Amino acid sequence: MIAALAFGVVIGLAMGLLGAGGSILAVPALVYGVGLPLRIAIPASLLIVAISAIGGLLPRARREKVLWPVALVFGAAGVPAAFGGAALGRLLPDRWLLLSFAVLMVVVAVRMLTGGETVSGSCRTDTGGVEWRSCLPKSLLSGAGVGALTGLFGVGGGFVVVPALTLLLGLAAQQAVATSLLVVLINSLAGLAAHSGVIDEIEYPVVLAFAVTALVVSTLAARLTARLRAETIRHWFGYVVLVIAVGVGIAALADPSALGG
């Protein structure tokens, strides 16, 4: 329980400050910190991510920065893809699914350590708007990719949405963070529905304690975004994710029985 609460703090900080990154820690925390089987940890992670995303959206200043059309385009593409990702995950052995997840964590960590805050993109107009006609296909493709990752691994996908919104559509940093939280919420609910067959097996007291911790921390952290350097925070989370990725990969190879049945 203590380990789960500690990860809840980390996830809440990442979701509140960056709009991304924290959900990548939820599955390993639930598998190795709480002891849930992988097939239960994935939907449990989605529940936690959805609640923490709500926390990140609670401050009024954050909600006002959400670009609803952008979020709805990404979300609409992600919902069916989440069901496809969940179906694929049920076909893979737990060991290989978790090893693939470790690889994904490494990719996320590298993105956090090397990514910048560039505000430009092929969809950005000279007046600061977004050219929807030329960027709609890319937006739909990106949204579908995020949805597939959500259903397959139980992650919110904000680590993909934020750079897509900044680099592809050219959104400002705070707009991208706020909008990504709504996309994460939509995808997480879709992924949770895709895993509805095991929802009754989730240990709700433990998961809700985890989720409430992430929610409270996410809400508080969202109020600090103007005072802290996002780059510094992102780098620290990147190192944490990289270390945990190595641990997850080793554990999946050395002790697959820990993944549960």
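**Salt bridge, cores and surface of the predicted model**

Arginine 39 is partly exposed, with a relative accessible area of 36%, where buried means under 20% relative accessible area, exposed over 50% and partly exposed in between (1.4 Å probe, protein chains only). The structure is a predicted model, in which local features need pLDDT of at least 70 and side-chain atom pairs count only at pLDDT 80 or more, whereas totals for chains, interfaces and linings use all residues. Residues are numbered from 1 along each chain as its sequence is written, and side-chain values use heavy atoms, with hydrogens and water left out.

A search of the whole structure finds one salt bridge, defined as a side-chain nitrogen of Lys or Arg within 4 Å of a carboxyl oxygen of Asp or Glu. This salt bridge joins arginine 39 to glutamate 201, with 2.9 Å between the closest N and O atoms. The pair links distant parts of the chain, 162 residues apart, since arginine 39 lies in helix α3 and glutamate 201 in the loop between α9 (173-194) and α10; helices are DSSP runs (H or I, at least four residues) numbered from the N terminus. Glutamate 201 is likewise partly exposed, at a relative accessible area of 38%.

Helix α3 itself is mostly covered, 18 of its 20 residues being buried. At 1.5 Å a residue, the 20 residues of α3 should span 28 Å, which agrees with the 28 Å between its end C-alpha atoms; the expected span is 1.5 Å times one less than the number of residues.

Within the largest nonpolar core, which has 44 residues, Ile24, Phe101 and Met105 touch the most other members; such a core is a set of buried Ala, Val, Leu, Ile, Met, Phe, Trp, Tyr and Cys residues joined through side-chain atoms within 4.5 Å. At least two residues of this core come from each of α2 (26-34), α3 (38-57), α6, α7 (132-153), α10 (204-222) and α11 (230-254), and α6 gives the most, with 10 residues. Methionine 105 touches Ile24, Leu25, Pro28, Val241, Ile244, Ala245 and Val248, not counting residues up to four places away in sequence, contact meaning heavy atoms within 4.5 Å. A second, separate core of 24 residues includes Ala53, Phe74, Ala164 and Val184.

In helix α5 lies valine 73, which counts as buried at 17% relative accessibility. The C-alpha atoms of valine 73 and serine 139 are separated by 7.0 Å, although the two residues are 66 residues apart along the chain. Leucine 92, in the loop between α5 (68-91) and α6 (94-114), is partly exposed, with a relative accessible area of 33%.
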